[in-house]
Amino acid sequence: RGVTFETFGNPGYGRLLGTKLVFVVASVVLAAVHGTLAASRPRIARPLAIAGLLSSVMIVVFATALVP
């Protein structure tokens, strides 16, 4: 049992899980870019931090939807 790539295509749980994983990857990428640019370009880093925060909130929203 477990999660396979085919699971992500299933309506309901699979699509929610896939969407959550997309937000997780986006959040990590935004945090990494924000950390890289924070000292040298703070004007660019601030919107990245806000976008990372919003993607983290979306992770929590989709995680609560996955709880049975």
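In the predicted model, V57 is located in helix α2, which spans residues 42-66. The relative accessible area of V57 is 43%, so this residue is classed as partly exposed. Together with L53, M58 and V61, V57 makes up a nonpolar surface patch of about 330 Å².

When neighbours within four places in sequence are left aside, the contacts of S55 are F23, S27 and L30. One of these contacts, F23, lies in helix α1, which covers residues 13-37.

Two aromatic pairs are present in the structure. One of them is formed by F23 and F62, with a centre-to-centre distance of 5.6 Å and an angle of 20 degrees between the planes. The pair counts as stacked, because the angle is under 30 degrees. F23 belongs to helix α1 and F62 to helix α2, so the pair ties together parts that are 39 residues apart in sequence. The two partners fall into separate accessibility classes: F23 is partly exposed, with a relative accessible area of 25%, whereas F62 is buried, at 17%. F23 thus takes part both in the stacked pair with F62 and in a contact with S55.

Key
Residues numbered from 1 in each chain as written. Predicted model: local features only at pLDDT ≥ 70, side-chain atom pairs only at ≥ 80, totals over all residues. Heavy atoms only, no water. Patch = residues over 30% accessible without salt bridge, like charges linked within 9 Å, V, L, I, M, F, W, Y side chains within 5 Å. Areas by Shrake-Rupley, 256 points an atom, 1.4 Å probe, with all protein chains shown as cover. Salt bridge = Lys/Arg side-chain N within 4 Å of Asp/Glu carboxyl O. Helix = DSSP H or I, 4+ residues; strand = E, 2+ residues; numbered from the N terminus. Buried < 20%, exposed > 50% of the residue type's maximum accessible area, 1.4 Å probe, protein only. Contact = heavy atoms within 4.5 Å. Phe/Tyr/Trp six-rings, centres within 6.5 Å; stacked < 30°, edge-to-face > 60°.
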